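Subject: Handover of a structure, with findings

Dear colleague,

Please find below the structure that I am passing on to you. I would be grateful if you could read the notes after it with the structure open beside you.

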Amino acid sequence: MADLTLTTFDWVPEMPRGFVRDLRVRWALEEAALPYRVASVPFANRGADHFAHQPFGQVPWLTDGDISIFESGAILLHLGERSAALMPADPRGRSEAMQWVFAALNSVEMASLPWSLLKFTGDAGDTPAWKFLDGFLKLRLKHLEPVLAVREWLAGSFSVADILMADVLRPVDRFDGLADHPACCDYVARATARPAFAKAHADQMAHFAAADAARTGA
């Protein structure tokens, strides 16, 4: 049995499928060809054991032997220690990858997530709040665009930084929010064309489809 276990929800509604953050971990595990298994916890009625592993009642978390890690960024950095496919070996490359990991999660996702949530829920409109969030995201993309215009990958070779940055940008791309930023758009397309992403995405969608079937008895 694999010593790596990825835990995600047993089921989620249609809207977030393909974007639940266990996808980031699946993607990294597939890139590194590390054996793992997937475990589930209830989407509803989250119990004490769930909160013991993930204090906010979210997913994913990863168990590696007797280590349990939550937060997708922390999990990917942990996996980067296990595989050169996920993290450059040289100190300069590692530092660059790590800074872009935090940039994806702190500088970009803090703008992309609220923007995407309003789009997902249909609440984007001509309001002061929407105008602020839209402007905030566009400012972040304006500064990211010239970086991605001259780099295939953020730290030289493909790394966990690219998994996180591409996944942070995917919901924006879903709603055509990258239309005025061709380098960002091309970067997401390049990242999601990788076989490991395709496998991870298909596996997540199949996981939730199987849950639908179990619920309906089909």
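The notes below cover the sheet, the helices, the cores and the salt bridges in turn.

The model is predicted, so local features need pLDDT of at least 70 and side-chain atom pairs count only at pLDDT 80 or more, while totals for chains, interfaces and linings use all residues. Residues are numbered from 1 along each chain as its sequence is written, and side-chain values use heavy atoms, with hydrogens and water left out.

The sheet

Helices (H or I, at least four residues) and strands (E, at least two) are DSSP runs, numbered from the N terminus. Two strands pair if DSSP finds at least two bridges between them. Four strands form an open sheet in the order 2-1-3-4, and the pairing is mixed. Strand 2 and strand 4 (67–70) are the edge strands, each pairing on one side only. On average, neighbouring strands of this sheet are turned by 25° against each other, direction ignored; axes here are lines fitted to C-alpha atoms, for helices over the stretch in contact, and angles run from 0 to 180 degrees between N-to-C directions.

Strand 3 (residues 61–64) pairs with strand 4 in the antiparallel sense over 4 bridges. Within this pair, D64 stands opposite I67 of strand 4. Helix 3 packs on the sheet and touches strand 1, strand 3 and strand 4, where contact means heavy atoms within 4.5 Å. The direction of helix 3 makes about 135° with that of strand 4. Helix 8 also packs on the sheet, touching strand 1 and strand 2, and its direction makes about 55° with that of strand 1.

V41 belongs to strand 2 (residues 37–41). V41 counts as buried because its relative accessibility is 12%; buried means under 20% relative accessible area, exposed over 50%, and partly exposed in between (1.4 Å probe, protein chains only). Neighbours within four places in sequence aside, V41 is in contact with T7, T8, F9, D10, H50, V59 and W61. V41 and T7 are 34 residues apart along the chain, and their C-alpha atoms are separated by 7.1 Å.

The helices and the cores

Helix 6 (residues 160–174) has 15 residues and reaches 21 Å from its first C-alpha to its last. That span is close to the expected 21 Å, which is 1.5 Å times one less than the number of residues. Helix 6 is largely enclosed by the rest of the structure, because 13 of its 15 residues are buried. Just after helix 6, D176 takes a positive phi of about 60°.

A nonpolar core is a set of buried Ala, Val, Leu, Ile, Met, Phe, Trp, Tyr and Cys residues joined through side-chain atoms within 4.5 Å. The largest such core has 55 residues, and those with the most contacts inside it are W27, L79, M165, L169 and Y187. Helix 6 provides the largest share of this core, 9 residues. Leaving aside neighbours within four places in sequence, W27 is in contact with F158, I163, A166, A191, A196, F197 and A200. Apart from this core lies another, of 7 residues, including F9, V12, V59 and W61.

R26, in helix 1, counts as buried because its relative accessibility is 3%. Beyond neighbours within four places in sequence, the contacts of R26 are L6, T8, Y36, V38, A200, D203, Q204 and H207.

The salt bridges

A salt bridge is a side-chain nitrogen of Lys or Arg within 4 Å of a carboxyl oxygen of Asp or Glu. The structure holds 16 of them. One joins E109 and R21, whose closest N and O atoms are 2.9 Å apart. This pair links distant parts of the chain: E109 is in helix 4 (residues 91–121), and R21 is in the loop between strand 1 (4–9) and helix 1 (22–32), 88 residues away. E109 is buried at 10% relative accessibility, and R21 is partly exposed at 27%. Through salt bridges that share partners, R21, R24, E109, D167 and R170 form one network.

R17 forms a salt bridge with E14, the closest N and O atoms being 3.7 Å apart. R17 is buried at 9% relative accessibility, whereas E14 is exposed at 57%. In a further salt bridge, D126 meets K131 at 3.0 Å, N to O, and both residues are exposed.

Yours sincerely
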